[in-house]
Structure formats: C-alpha cells, structure tokens
Amino acid sequence: MQPFSPDMMIYLLDMVGIIACAFAGTTLALHKRFDFFGCILVSMVNAIGGGTIRDVMLDRHPLFWMTDLNYVIVITTTSLVCQIFFTLYQKIDWTLKFFDAIGLAAFSVIGLKVGLAFGTHPMIAVMMAVLTSIAGGIMRDMICNEIPLVLQKEIYISASLAGSLLYFLLAKIGVATSLHDTLTLATIFGVRMLAVMFDWHLPSLRLNFKN
Amino acid sequence: MQPFSPDMMIYLLDMVGIIACAFAGTTLALHKRFDFFGCILVSMVNAIGGGTIRDVMLDRHPLFWMTDLNYVIVITTTSLVCQIFFTLYQKIDWTLKFFDAIGLAAFSVIGLKVGLAFGTHPMIAVMMAVLTSIAGGIMRDMICNEIPLVLQKEIYISASLAGSLLYFLLAKIGVATSLHDTLTLATIFGVRMLAVMFDWHLPSLRLNFKN
Amino acid sequence: MQPFSPDMMIYLLDMVGIIACAFAGTTLALHKRFDFFGCILVSMVNAIGGGTIRDVMLDRHPLFWMTDLNYVIVITTTSLVCQIFFTLYQKIDWTLKFFDAIGLAAFSVIGLKVGLAFGTHPMIAVMMAVLTSIAGGIMRDMICNEIPLVLQKEIYISASLAGSLLYFLLAKIGVATSLHDTLTLATIFGVRMLAVMFDWHLPSLRLNFKN
C-alpha cells in the first residue's frame, strides 16, 4: 500500500474502528464482570466478528486477521488499556460514539469492496457492507445476554445503507474511484454522527387499525 | 427447472417457508421494538440462517441466496408488509403455524438432499436436514434474547427426523425419487400439524430416583 | 493411529472431553426444560461447536465430525444416558469438572496442532486452541440464554493459554514431540484442576482513580 493512498486511508480508519469496537466490547464485558481474557474475547468478537462472518460466507480464506496480525495486537492492547484505566472512561460516551462512527464507515466501505471484488450482485455486496459493520456488535450483545443495540433504535444500518447507495450512484455517474471511497466514508460517518447528535430514530412503519 | 417437476414444487414450498420465517422473525422483532432494518435483519436470519450454516459447514459456495436473489427480495418484501400491517396480524397465529409447517417440511427435504448430494453419511445428511430447518429460528431467538422455542416443547425436530427416516426407508424399498420427496414432505408437514392441533409434546425421559 | 501413540492418547482424551461437554450441555438444557432433541442439540453445540468454528475459520473441510461418526454417536449416547438418569447426577459436580478439565486440555492441544498444521502464525494457532476449547461452551450458554460461564470467573482460557505457551517453549528447547503433547496436556489439566480446587480467580486489572 502506498502512503496517503485511499487504501491506506481506509486501512487507518479501519484500525480506528477496530479500536472503538475493542473499547466498546471491553466496556460492556467489564460491566458484565467478565474476567481479563473474557474481556479480550468480547473485544475480538466485537471488532473482527463481522468481517469474519463476511469472509466465511464469501469463502475468502485465510481470514483477514490470520494474515495481518495487527488486528489481534491492536485489539488486545486496546482491551488491556481499557481494563486498566476503566474508571477514567466513564464519561467518554460521546468520544466513543465518534470513533465508532468512523469504524461504521470504514467497515461498511471495506465490506462493500470485498463483496464487489468477489463478483457478487450489488445487492449482496450491500448486505456484506452491513454485515461487516454490525454483526460484531450483535454477537457481542448476544454473548453478553443483551438485546442488540444496533437493531433497536439507532440510525446505524441506515447510515451504512445510505453510504452504499451513494457508492453505486457515484460509480454510475463515473466519479474517480478514490473520490468514491472518500465520499462514501464521509456520508456514512456524517449520517451516523448527525443521528447521534440530534437523536434521530427511524419512524415505525406500523399502521394502526385498532380504532 | 421444469414447471410442475418435484424440484419446482420443492422450490415453491421453500419460498412459502421463507415467507413464514420472515413473517415470524418480523413479528418477534417488532415485539422487541427493533427498528425497520432490525426487523428485516431478524427476518433474514430466521429465513436463510439455517441454510447458510448448512452451506458453510459443507463448504458449499457461493451460498444459495447469493446466486438466487429471490430469497432476499421475498424476505424484505414480507418483512415490509408485515411491519406495515402488523396490527392486523394479531390473530393469525394458526395460519402462521400452517405455513411454518410447510417451511419445516421444505427446509428439511432440501437440507437432506443437499447433504446427500455432497456425499455425506446419511446420519450427517439427517443432521443437515434438522439444521436447515431449525438453526434460523434458534438464531432468531438468540438475537432477540429469548430461549429458543423449537428446543423447548414443540414437536419440531422430531417431525423433521420422522420425514428423514421415511426418506431412507423409501429409498431402500426402491420407490421413485419424485414420490420420495412428496411423501417425505407430506409426512413432516403432517406430523407437525398434528402436533400443533392436538398439542403433542415429547415425553421426558427422566427417571425419578428420589422416592 | 497406533495404539498407545500420543495421537491415540489425544483422541481418547478428546472423547473424554466430548462426553464431559455432552453431559454439561444436557444438564443445562434439562434445567431449561428443553425437550429430548433440544438436549441433544445443546450437547452437540457444547461438544463439537468449538471445533466446528475452528475448522470453518481455517477452511478445513470436511468438518471432523462429518468423517468420524464416533463424535455424533458418543454425544447422542451420553445425552440419552444423562437424560434418563438425570436425578442421579445432582451431586457429581466435582466429577464433571474433572472430566471437563481433561476435555479442556485435549481440545486445546488439538486446536493448537490443527492451527500449526495449517501453517498459521503461532499467535493464531493459540487463538485456535482457545477457540476449540471454549467456543462450544459459550454457544451453549448463548442458546440457553445464560451469560457464558467461562468468560466470567473461572481460570479456563488462562489454563489453555498456559499450556500453549509451554508447548512453544518446549518446541524451542527441542523436546521430543510426544513429550510436548503429554506435558502440555498435563499442564492445562493441572492448572484448571488447581483453579477448581482452590477457587482461583484472575485478579481485575482495574485501577481505581475515584479517590
């Protein structure tokens, strides 16, 4: 990878997302009174679980974290730091959501590109983008016996989908690939952060026939 | 596929099962107050989760829903309709169980045939039949933080097993393949519906040594 | 496999672990009032779930239990016996922990050797060892809607890790392979049993900045 190339940028943002996920996983695991290695395991599930499911579904071997050990090292280090300084991190909820939004954007773009590189239909590639960005968090909540947060009330899958749609739109118009990635990343991050700041929720589709 | 061939019939029954699963998934997700995309995700897990695990275990790629987009389209449409008209569907419990039994039969036969086509031992093929028909529902309940219904009290796995045993019995006798499939489908559907209608449960094996 | 060879010994210890896991799975499933086949399914998840995830992640097909039917037969038989004589087994907690520790040791060594045989980095091989020994129990608890026990308070992952580290240390020193396996097995079993007997727990890393 070239320094300052779009791929390098995506890799760096990916690592930011990995750190945010490892952080969120450790925090929840500590609340559940998991032990040292339990916290690390939940961090790993949260950070690389979605990408692992994507790769297994696409038959993409070896898994990305088996060849690039940075993932495991970064997650373990993050979880370690988070466990030691846990009590300091009680009020950084907003900061975590900021880095988490970067992760959502990076994970989505990576999932989309992996799907397309494997020649899947665009609809399936979009599903891979969503899967990469949310499956880790869902599995974290399943292990910790919580109802998955991302499925409940947050504009999360929607932000990922909005970015994916923009990606295909830009491809149709004929925008340069590097600009593609940057605009898609910015859109996902922007939609997610706006949702966090203004407490946006999806409206319910439910019609009421009870009257 | 020829129209009116056994394969076509199984495909159509499969789609009926997919709709029933998407329906059941959305209903549970709405009760859990999941948002629009959360409901669709749970529908997908419920409808194609079992087949996905089966294919991943057998190394059968690409996954069936990656090449035939009908699955994703049918699930999304079903979930959408179910979310809009949710309040109308409060009293259709029996109807849902009827379609769900069709799905159980179709999923089991498909799982069995896929296992056999991959040259697995009959015992493993039967496990693939059970897995295809129940793993989606189990994962749905795990995501929604519920104890899996199919493991608790219903004649569900038993109906699938009864059908699989009949399938091998018919093969040994030398019945024509098309008749095989039809009789197996009818048996699984029949056992399941009888269990629903007469509230059948498996007896506990537990001996009581306490006296 | 030669009789009395290290591989044969590991295979036998593996089966002891499989029985212990099938036992533990059935016991929890019975407490959750699962039916006959529900108990068998939870036993299977507990006993061969970890190895299945490992093999899927490493793209190692066919899965080990698809070619060696002993696994499925032993699990089903164990679950059957456990369900019939359940009330007799209320006070064998310590015995179960003994056999379970044998399973932890065997599963870890098998996972480690499979990882190394696939040419993964030692760090990834250690993760495969941990995964093989704990993922089944975690999935059992997830299905049964419990917070995973192995992540909470037990010296479990730590025992597996201690054994793996010793394995690489012995390899570096140049000890014979058969001695490797035996010493690693003994270490994992020993650490786990000592933790059970003396109620060892990992200390929390958390610093307290609240004063």
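Predicted model: local features only at pLDDT ≥ 70, side-chain atom pairs only at ≥ 80, totals over all residues.
Leaving aside neighbours within four places in sequence, C:Met127 is in contact with A:Met44, A:Trp65 and A:Val72.

User: In which helix of chain C does C:Met127 lie?
Analyst: Beyond its neighbours within four places in sequence, C:Met127 touches A:Met44, A:Trp65 and A:Val72. On its own chain, C:Met127 belongs to the element spanning residues 122–143, which is helix 6 of chain C.

User: How far apart in space are C:Met127 and C:Ser164, C-alpha to C-alpha?
Analyst: C:Met127 is part of helix 6 of chain C. In sequence, C:Met127 and C:Ser164 are separated by 37 residues, and their C-alpha to C-alpha distance is 9.6 Å.

User: How many residues of chain A are in contact with chain C, and how many of chain C with chain A?
Analyst: Among the contacts between these chains are those of C:Met127 with A:Met44, A:Trp65 and A:Val72. In total, the contact involves 32 residues of chain A and 30 residues of chain C.

User: How many residue pairs in polar contact are counted between chain A and chain C?
Analyst: The two chains bury about 2800 Å² between them, with 75% of that area on carbon and sulfur atoms. The count of salt bridges between chain A and chain C is zero. For residue pairs in polar contact, both at pLDDT 80 or more, the count is four.

User: Which element of chain A gives the largest share of the side that touches chain C?
Analyst: Chain A and chain C have four residue pairs in polar contact, both residues at pLDDT 80 or more. On the side of chain A that touches chain C, two or more residues come from each of helix 2 (36–58), helix 3 (64–67), helix 4 (70–84) and helix 6 (122–143) of chain A. The largest share, eight residues, is that of helix 2 of chain A.

User: How do the residues on the side of chain A that touches chain C divide into nonpolar, polar and charged?
Analyst: Helix 2 of chain A supplies the largest share of this side, with eight residues. By class, the residues of this side are 22 nonpolar, six polar and four charged.

User: Which element of chain A gives the largest share of the side that touches chain B?
Analyst: Chain A and chain B bury about 2800 Å², 75% of it on carbon and sulfur atoms, and the interface has zero salt bridges. Four residue pairs, both at pLDDT 80 or more, are in polar contact between chain A and chain B. The elements giving two or more residues to this side are helix 2, helix 6 and helix 7 (157–173) of chain A. The largest share, seven residues, is that of helix 6 of chain A.

User: How many nonpolar, polar and charged residues has the side of chain A that touches chain B?
Analyst: The contact takes 30 residues from chain A and 32 residues from chain B. On the side of chain A, the classes are 20 nonpolar, five polar and five charged.

User: As by what kind of axis are chain A and chain B related?
Analyst: Chain A superposes on chain B by a rotation of 120 degrees with 0.0 Å of shift along its axis, at an RMSD of 0.0 Å. The two copies are thus related as by a three-fold rotation axis.

User: Which peptide bond of chain B is cis, with omega near -10 degrees?
Analyst: B:Pro62 lies in the loop between helix 2 (36–58) and helix 3 (64–67) of chain B. The cis bond, with omega near -10 degrees, runs from B:His61 to B:Pro62.

User: What is the phi of A:Asp199?
Analyst: A:Asp199 is placed in the segment after helix 8 (177–198) of chain A. Although A:Asp199 is not a glycine, its phi is positive, at about 55 degrees.

User: How far apart are the end C-alpha atoms of residues 12–30 of chain A?
Analyst: UniProt, in an unreviewed entry, lists residues 12–30 among the spans of chain A named "transmembrane region". The span is 100% helix and 0% strand, and its end C-alpha atoms lie apart by 27 Å.

Key
Residues numbered from 1 in each chain as written. Chains lettered and ligands numbered in written order. Heavy atoms only, no water. Least-squares fit on C-alpha atoms with pLDDT ≥ 70 in both. Contact = heavy atoms within 4.5 Å. Buried area = accessible area lost by both parts, 1.4 Å probe. Salt bridge = Lys/Arg side-chain N within 4 Å of Asp/Glu carboxyl O. Polar contact = N/O pair within 3.5 Å; in protein donor to acceptor, adjacent residues only side chain to side chain. Helix = DSSP H or I, 4+ residues; strand = E, 2+ residues; numbered from the N terminus. Nonpolar A, V, L, I, M, F, W, Y, C, P; charged D, E, K, R; others polar. UniProt positions renumbered as here; feature names shortened; annotations may be inferred.
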